[in-house]
Amino acid sequence: MVSISSSMCLDQWSSVLRPLATKRRIKNACVLLGFRTRGKTSGDFGTLLGENLKIIKNIILQDGTHFTKVWTKSSKSLISYESGRIYFENYRNCYSSLTPEPQLLYELPRRSKAEKIEDSLLCQCPLHEVLPDASEQKPCLLALTANNWLYRLSADTGETLQRVYLSPHFRFRSLGWDIPQETFYVKSIQYKQTPLARQAGVDNNVFMHLAIFRVFPLDVVGLLEISKKVFGKSVVDVLLSQGVLAVSHSTKCVKLYNFEYIVKQFRTKELCLGQQCDLYDARGIVGNAPYGIPVNIQIKECPPVLFEMSCFDNGIQIGGHPWHYIYTPNHKRDRGTHHICSIRDGALAKNGIQDMKCDSLEADWIFFHPDDSGRIIHGGPSTINVLRIREETGFNSHCEVVHDFSITTSQDSKASSQVMVTSSGRTVKRRFQHLDDDPEQETFKMAKYEDELDLLAIVDVSPTEEDVGQAGVCLHDNKSGVLMKRIALEEPWDVTYSHEVYFDRDTIIHIEQQRNNNFSCHVYKMNRRKNLR
């Protein structure tokens with residue numbers, strides 16, 4: 001009834017209503033659709049997409065909308081999901097989740113064990129520039145195989161668009177983004193000294209290799225050698241993120257270096273895929289077998305350290321407005337706490353020590369909010385706090401961590417009583433405290449942000465009479481934390497196995513591990529109840 005009434009109002013007042021591109025905020029879906037059919041929209045594609053997403057959000061949050069399970073598929077290998085695509089059998093089978101029911105996009109030929117895909121990254125097509133090769137203007141999957149080949153596959157058909165041979169000498173095992181959709185790195189295994197080399201007195205200083213690439217178009221920046229002689233014998237891990245080389249040490253220390261500085265100072269020669277190269281008296285074509293990619297970035301001396309921090313479990317996060325970092329000090333008394341400090345001078349923010357004080361088997365989690373607001377999400381089994389960093393005004397300005405809002409479960413924090421009967425028949429009552437993540441209580445499992453709909457999706461699990469968990473996806477307003485809708489998942493939630501939940505526009509995807517190392521993927525789609533009055 002409301003929709004019909006709104007459409008009638010639109011027909012009557014369409015000549016005086018302001019177009020969509022103005023600052024006036026319109027929440028009625030019928031009005032927005034009416035403007036679109038009459039061409040009263042901004043010519044900017046981003047604005048049009050934003051208004052379409054508002055329509056989807058409004059429909060999702062209506063009382064007459066629910067989510068229905070439309071598809072389930074099991075597998076004996078890991079299942080992964082990204083951007084509307086579900087991957088099975090080590091990325092060999094790809095299904096699209098954008099259709100009303102997932103449909104097979106492509107199925108790659110079976111590969112031998114040496115050719116199986118080890119890791120992958122999904123590249124979205126660039127919108128701000130036109131590339132010379134039309135195939136690079138579409139989404140692609142970067143796939144690393146066990147025999148050191150890097151493939152660029154069409155994300156829609158699985159067709160091989162390009163392939164690069166990495167090296168005949170080093171074994172590469174994982175991919176990671178440096179700058180998302182701009183540069184990525186391929187990480188080798190960690191090299192360990194063999195007993196024979198140790199007995200012979202041969203000291204292997206090479207710890208790892210990183211191959212760095214640009215995307216759109218795909219080209220190589222270089223192959224970087226990480227040496228213990230330069231970075232120290234205590235190195236345990238290395239990664240690239242946002243142009244920063246992060247080196248972790250067994251001494252619980254993390255050091256950050258400027259990767260651009262490293263390239264400028266220590267790159268011996270620029271490489272280009274498909275061109276001849278004679279580096280180190282070995283001739284070949286870069287990216288072709290058997291030559292691969294030669295080491296062209298050799299660090300002779302330790303570069304300047306941008307930032308150094310001693311922290312528990314080598315974990316540090318950087319973000320916020322103004323810039324701050326989150327870490328747990330490497331002291332026994334600080335375990336379970338998170339310290340929020342300024343990047344500028346390392347000063348601890350006021351109220352910067354966050355302690356969930358939860359009694360649980362699983363640790364709490366904390367991270368900078370993905371919505372680029374600079375806020376912080378700190379979650380535990382029964383409480384999720386959204387915090388923000390407030391900068392005080394004045395000459396010696398300091399920052400304070402303030403509470404934005406909290407989301408809590410309906411747990412009963414009171415101690416329970418257990419009745420026991422002794423051998424003599426005497427009744428004894430023993431009081432005990434439940435763990436915060438006890439399966440017999442409602443608990444939070446994860447928090448996800450749906451950036452296109454600006455909703456905070458929180459997965460909670462409640463106990464049932466059948467002694468199994470019942471999960472639900474709670475949609476909260478991202479600005480205030482108000483609960484807007486709860487969507488129940490049909491399948492039981494077994495807390496002894498791993499789970500992953502994705503909320504993507506009108507789709508919910510639940511990937512769960514099951515017994516005997518099997519996996520299942522459940523897909524839910526938005527649906528409208530019929531015959532609404």
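This is a predicted model: local features need pLDDT of at least 70, side-chain atom pairs count only at pLDDT 80 or more; totals for chains, interfaces and linings use all residues.
Visitor: Where do I start? What does the secondary structure come to?

Guide: Begin with the overall count. This protein has six helices and 37 strands.

Visitor: How many of the residues count as buried?

Guide: Of the 533 residues, 45% count as buried. Look at contacts too. Take those between residues at least 6 apart in sequence: 46% of them join residues at least 24 apart.

Visitor: Now the empty space. What shows where it is left?

Guide: The general idea is simple. A probe the size of a water molecule is rolled over the atoms, and this shows where empty space is left. Here the largest pocket holds about 1700 Å³ of space. Its lining has 36 residues, and those closest to the centre are Glu-82, Ser-83, Gln-124, Asp-451 and Asp-504.

Visitor: Which element gives the most to the lining of the largest pocket?

Guide: Strand β35 does, with five residues. Several elements supply at least two residues each: α3 (45-60), β2 (80-82), β6 (117-123), β31 (443-450) and β35 (499-504).

Visitor: How do the residues of that lining divide into nonpolar, polar and charged?

Guide: In the largest pocket, 17 are nonpolar, six are polar and 13 are charged.

Visitor: What volume does the second largest pocket have?

Guide: About 890 Å³. There, 27 residues form the lining, and Ser-241, Gln-242, Ile-316, Gln-317 and Ile-318 are the closest to the centre. Strands β14 (235-241), β15 (244-249), β16 (253-258), β20 (305-310) and β21 (316-319) each give two or more residues to this lining.

Visitor: And how do the residues lining the second largest pocket divide?

Guide: Into 13 nonpolar, twelve polar and two charged.

Visitor: On to rings. How many aromatic pairs does the structure hold?

Guide: It holds 13. Read each pair by two values: the distance between ring centres and the angle between planes. Trp-177 and Phe-184 are 6.2 Å apart centre to centre, with 80° between the planes, and the pair is edge-to-face. Phe-184 is buried, at a relative accessible area of 0%.

Visitor: Why is the pair of Phe-307 and Tyr-325 edge-to-face?

Guide: The angle decides. Planes over 60 degrees apart count as edge-to-face. The planes of Phe-307 and Tyr-325 stand at 70°, so this pair qualifies, with ring centres 4.9 Å apart. Both residues are buried.

Visitor: Which strands hold these two residues?

Guide: Phe-307 is in β20 and Tyr-325 is in β22 (residues 324-327), so the pair ties together parts 18 residues apart in sequence.

Visitor: Which residues do ring pairs link into a cluster?

Guide: Trp-71, Phe-88 and Tyr-95. Elsewhere, Arg-163 lies over the face of Trp-149, at 4.0 Å from the ring centre.

Visitor: Last, the backbone. Where are cis peptide bonds found?

Guide: Look at omega. From Ala-289 to Pro-290 the bond is cis, with omega near 5°. Pro-290 is in the loop between β18 (284-285) and β19 (297-298). Another cis bond joins His-321 and Pro-322, with omega about -5°. Pro-322 belongs to the loop between β21 and β22.

Visitor: What phi does Tyr-91 have?

Guide: A positive one, about 70°, although Tyr-91 is not a glycine. Tyr-91 sits in the loop between β3 (85-88) and β4 (93-96). Asn-517 is not a glycine either, and its phi is about 60°. Asn-517 is in the loop between β36 (507-513) and β37 (519-528).

Visitor: Is Tyr-91 buried or exposed?

Guide: Buried, with a relative accessible area of 17%. The cut-off for buried is under 20%. Asn-517, at 45% relative accessibility, counts as partly exposed.

Notes: Residues are numbered from 1 along each chain as its sequence is written. Side-chain values use heavy atoms; hydrogens and water are left out. On a 1 Å grid over the protein atoms alone, a cavity is a set of points where a 1.4 Å probe fits but cannot get out, and a pocket is an open set with protein on both sides within 12 Å along at least five of seven lines; lining residues have an atom within 4 Å of a point. Grid points are joined across faces, edges and corners, and a volume is the space filled by probe spheres set on the points. Helices (H or I, at least four residues) and strands (E, at least two) are DSSP runs, numbered from the N terminus. Ala, Val, Leu, Ile, Met, Phe, Trp, Tyr, Cys and Pro count as nonpolar, Asp, Glu, Lys and Arg as charged, and the others, Gly among them, as polar. Rings of Phe, Tyr and Trp (its six-membered ring) pair if their centres lie within 6.5 Å; planes under 30 degrees apart count as stacked, over 60 as edge-to-face and the rest as tilted. Buried means under 20% relative accessible area, exposed over 50%, partly exposed in between (1.4 Å probe, protein chains only). A charge sits over a ring if NZ of Lys or CZ of Arg is within 6 Å of the ring centre and within 35 degrees of the ring normal. Contact means heavy atoms within 4.5 Å.
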